[in-house]
Amino acid sequence: MLLGPSGSGKSTLLNCLCGLLSPDAGEVTLGGVTMVSGHSAAAADTLRRRHFGIVFQTLRLVSALSLRANLALAQKLQTGSSNRPAIDRMLDRLGIAHRADARPHQLSQGEAQRAAIARALVVRPAILVADEPTSALDQDNTARVANLLIELAEETGATLIVATHDDRLRPNFPGL
Ligand SMILES: Nc1ncnc2c1ncn2[C@@H]1O[C@H](COP(=O)(O)OP(=O)(O)OP(=O)(O)O)[C@@H](O)[C@H]1O
Ligand SMILES: [Mg+2]
């Protein structure tokens, strides 16, 4: 768990870890392969697509696509094909199966946040990076989402990295 006040650099660090930003100094390596350094990010896109699930603080759902299609796109980028039953199961686990055909702008903030989490989890990533994944959720959904992130990380052996500026969330992520 990455805890720190607003503006302390959590999102910046996560963006470097995912290869979306190049650090001013140092490098990020994954399994011995340099993902990004100050000079190059050549391997970053491929490694990110293959190994990472990312819940962005700003969500970054594709606005032209339904929720189901957002999840299918994530699967296609990772493996070349999509798996509808796995998509529907994931939407169901996050309590948004009834919104599967909605587009992102038609969702509440909390539903959109759960959709972004579903998209990151549906590819069963080796590394799951979640930036303030519960900031728009009510108390019940915060606990539900925190439990699900931990449960799925354990189920799939994924490394889970969660950033938050809210110290009160700590009990929701026991063991992180
Ligand atoms: N693209 C950018 N260009 C220049 N400065 C930036 C950029 N993005 C962020 N910053 C600055 O870097 C610092 C760290 O920002 P960052 O978004 O990483 O913080 P954070 O810890 O994630 O905060 P929060 O808890 O509010 O999400 C801030 O002072 C911010 O203004
Ligand atoms: Mg941030």
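In this predicted model, a polar side-chain atom of Gln 57 lies 2.8 Å from an oxygen atom of ligand 1, a polar contact being a pair of N or O atoms within 3.5 Å. A polar side-chain atom of Ser 11 also lies 2.8 Å from an oxygen atom of ligand 1, while for Gly 9 a backbone N or O atom is 3.0 Å from an oxygen atom of this ligand. Of the 640 Å² of accessible area (Shrake-Rupley method, 1.4 Å probe) that ligand 1 has on its own, the protein covers 45%.

The residues around ligand 1, each with a heavy atom within 4 Å of it, include Pro 5, Lys 10, Glu 132 and His 165.

Ser 11 belongs to helix 1 (residues 10-17) and Gln 57 to the loop between strand 4 (52-55) and helix 3 (67-79), so the pair ties together parts that are 46 residues apart in sequence. Helices (H or I, at least four residues) and strands (E, at least two) are DSSP runs numbered from the N terminus.

Ser 11, at 22% relative accessibility, counts as partly exposed, that is, between buried (under 20%) and exposed (over 50%), with a 1.4 Å probe and protein chains only. Gln 57, at 39%, also counts as partly exposed.

Residues are numbered from 1 along each chain as its sequence is written, chains are lettered from A and ligands numbered from 1 in the order in which they are written. Local features need pLDDT of at least 70, side-chain atom pairs count only at pLDDT 80 or more, and totals for chains, interfaces and linings use all residues, while side-chain values use heavy atoms, with hydrogens and water left out.

Terms used. A polar contact is a pair of N or O atoms within 3.5 Å; within protein, one must be able to donate a hydrogen and the other to accept it, and residues adjacent in sequence count only if both atoms are side-chain atoms.
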